[in-house]
Amino acid sequence: MAEIGIQYCGLALISLLIYFTYRRKNLGLYSDRTYHLALAVAFVCLLSDVLSIHALAHMDLWPFGVVIFVCRLYICSLMLVAFLAFSYIASDALRRNVRRVSGTISGIIAIIGAVIIWMAPIYVHSAKGELYTYGPAVAATYVFSLVFVFSTIAFAITSYHYVNRRRLSSVLAWMIIWLVAALIQYFNNNLPMVGFATALGLTILFADLENPDSYIDRETGVFTAHALMSLMSQRFEEEQTFAGINIVINMEETNLTRLMQRTMLVTVARRLELIPNATVFRNVANEFALVLPDAETMEQQLPIIRAMLEEPIDTEDGPVIMHPYYILFPDSTLANSADEVFAYHSFFIQHDPEVDFRVIDEQEVKHIREELAIRNEISEALREDRIEVHFHPIYSVKKGKFTSAEALARIRRKDGTLLMPGAFIPVAETSNQIVHVGEAVFEKVCQFLSQNALGAYGLEYIEVNLSVEQCERKTLADEFIEIMNRYHVDPSCINLEVTESGSVRHRKTLLDNMNKLIAAGVHFSLDDFGTGESNLDYIMNMPVHIVKFDRYFTQAYFTTERTKYVIDSVIEMIRGLDLQIVSEGVETQEQFDTLVEHNIDYIQGYYFAKPMPVDDFIFFIKTH
Ligand code: C2E
Ligand code: MG
Ligand code: MG
């Protein structure tokens, strides 16, 4: 009698795998489905293996037709497991359309194999304690199974560079175990190892990849962000649309203990899991995502979700009221990939973390794509050194000549045209890019100063713009001092323009930076005075030497008597503080004359010239 114990072990192993796999939630991914099918077929395979050994051993007790049936069932299911191993690796390696073709071809081969195995003659050998089947049906099983096994191996090796390495190695391990088992069984009919090897192979896959726990968040029991990515990728690949809701649970405001936070997350997860037709994911720390079949379902469920999450949560330290905010993504056709959905989402989070309800619709996507394109443009420009500095001359009324200039950033596009700061500075300010742009500009200005003796042209200093985000960096002053040292630039040749910001934190860091730079010899201007953000408190308390009137503020002077009156008083006040004034945006002779009459110290505007590249600027200064 053959070693039937091995078969029972295999059967037990597969039964356990089935138990563990079905006990867990599953996402219904393509590879999950293949794996589940392989488990089911492997179960049939091992069961029929056991039955066939019993049948062969007791041929006198079993009707002959039944003996042949279980023998055929065994070899046929064995070949099908080999086919599924191939499909499993192919599902990961092939793009959707190729996968269809390969799936169809391999499916047809498998069907032909099954038909041959089922129809071809099969003989049984049951004598002298040796039990086995042989004949054309068995030969066909060997041939078809080996075709799939070797295709799987060949496939795994040729697609080495673009397939998940772990998946490759586990499938390869399975195939090798199988081949070894087949060899053993071939030479020793009393050791039917192949069925057991199948169970081993599937165990390897389970341990390595299909262990559904890797998709489950430990803390809350819902699916992980990794699972979300896999599910969305598959939906895009199979062109199945979906709708998504992102829910961010705000945990910053109140003094929540770790335990309270945990209770909140677990409760939110439990409540969300009650929503029908929705798959719940924990995206990151305090963020959940729901994937729903379509926008309609989303609209139906949203009020229910909101009502659910408004209910206070009972924690050990008392009830907590949550303030979740929602980002809706009703139409997945607005993105082309899971990565894009994540990009839109993180874009939203970065931009308006405060707004509690937002919809990523067509218009938003258009806007995000434009901004992402500009971000790309900025990154490339930084990498390829295509940030340029143009200079806008500033005229000193007292000295009757140009004594300084404002450095203004531009991006030289690949096609040679210029991208103006109005288009890219605000975008750079929403990401960390402004820091690099600001540094590039400052470095270019220092380079200019090190190559040109300002004094020779009658110039005293160059003004450089600083964004609020730059001033919030604790290291700003040190970085700028380092750059000035590197180019041997006299800090008194630099005037930095700062703007106002509502944030107190900003103000403290700004002051620290200003004091450090002032100690080094740099001067400061307050830019954009007269725009929405202006606040007299800045003029009174910040160590600036110059106040720059914004273009619109300057031009407002010429609109009505009332504005003229207000601006006259402001000029009076600034003078009282012993600060100097630059009027920006002066375009006409009349404006120029009026401002000169009012003793404005400096004038900057298209009246003289537009901002210009270095060489033009040097020429301009030499000739004026
Ligand atoms: P800003 O600092 O207030 O600079 C003055 C802007 O007004 C410049 O526009 C200048 O060309 C423009 N301007 C000056 N006089 C006239 C005029 O008579 N008529 C008109 N129509 N415009 C005039 P630009 O170069 O487009 O820069 C726009 C803004 O971009 C700047 O406003 C500044 O806030 C920002 N910016 C430019 N370069 C940088 C930089 O290197 N870093 C930072 N953080 N911001 C920058
Ligand atoms: Mg400026
Ligand atoms: Mg300005």
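**Figure 1. Strands S11 and S12 pair side by side in this predicted model.** S11 and strand S12 (residues 418–419) are joined by two bridges and run in the antiparallel sense. Look for Arg 412, whose bridge partner in S12 is Leu 418. Five residues lie between the two strands of this hairpin, and Gly 416 takes a positive phi near 95° there.

**Figure 2. Arg 412 is a residue of strand S11.** Is Arg 412 buried, partly exposed or exposed? Its relative accessibility is 28%, so Arg 412 counts as partly exposed. Setting aside neighbours within four places in sequence, the contacts of Arg 412 are Arg 386, Glu 388, His 390, Thr 417 and Leu 418. For a sense of scale, Leu 205 is 207 residues away from Arg 412 in sequence, and their C-alpha atoms are 53 Å apart in space.

**Figure 3. Strand S11 also pairs with S10 and S13.** S10 (residues 387–396) and S11 run antiparallel and are joined by 10 bridges. One pair to find is His 392 with its bridge partner in S11, Glu 406. The S10 and S11 hairpin has four residues between its strands, and here Gly 400 has a positive phi near 65°. With S13 (residues 461–465), S11 runs parallel, and four bridges join the two. In that pairing, Ser 404 stands opposite Tyr 461 in S13. How many of the 12 residues of S11 are buried? The count is 10, so S11 (residues 401–412) is largely enclosed by the rest of the structure.

**Figure 4. Four residues hold the magnesium ion (ligand 2).** Its protein donors are Glu 406 (OE), Asn 465 (OD1), Glu 497 (OE) and Asp 527 (OD), at 1.9 to 2.2 Å from the ion. Written along the sequence, the spacing of these donor residues is E-x58-N-x31-E-x29-D. Two of them link distant parts of the chain: Glu 406 sits in strand S11 and Asn 465 in strand S13, 59 residues apart. Glu 406 has a relative accessibility of 4%, so it counts as buried. Asn 465, in contrast, is partly exposed, with a relative accessible area of 28%.

**Figure 5. Asp 527 bridges two magnesium ions.** How far apart are the magnesium ion (ligand 2) and the magnesium ion (ligand 3)? They are 3.8 Å apart, and Asp 527 coordinates both. Asp 527 belongs to strand S15 (residues 523–529), while Glu 584 is in the loop between strand S17 (580–583) and helix H21 (589–597), so the pair ties together parts that are 57 residues apart in sequence. Both Asp 527 and Glu 584 are buried.

Figure 6. In soluble globular proteins, nonpolar side chains tend to be buried together. Apart from residues up to four places away in sequence, Leu 496 touches several partners, among them Phe 442, Val 464, Phe 480, Leu 517 and Phe 524.

**Figure 7. Helix H11 has 14 residues.** From its first C-alpha to its last, H11 (residues 338–351) reaches 20 Å, close to the 20 Å expected at 1.5 Å a residue. Which residues of H11 are buried? They are Ala 338, Val 341, Tyr 344, His 345, Phe 347 and Phe 348. An α-helix has 3.6 residues a turn, so residues three or four places apart point the same way.

**Figure 8. Asp 385 and Asn 599 each have a positive phi.** Most residues other than glycine have a negative phi. Asp 385, which is not a glycine, has a positive phi of about 55°. You can find Asp 385 in the loop between helix H12 (362–383) and S10, and at 54% relative accessibility it counts as exposed. For Asn 599, phi is near 60°. Asn 599 lies in the loop between H21 and strand S18 (602–603), and its 52% relative accessibility makes it exposed too.

Terms used
Residues numbered from 1 in each chain as written. Chains lettered and ligands numbered in written order. Predicted model: local features only at pLDDT ≥ 70, side-chain atom pairs only at ≥ 80, totals over all residues. Heavy atoms only, no water. Donors = N, O, S within 2.8 Å, 3.2 Å for Na, K, Ca; no water. Buried < 20%, exposed > 50% of the residue type's maximum accessible area, 1.4 Å probe, protein only. Expected span 1.5 Å × (residues − 1). Pairing = 2+ DSSP bridges. Contact = heavy atoms within 4.5 Å.
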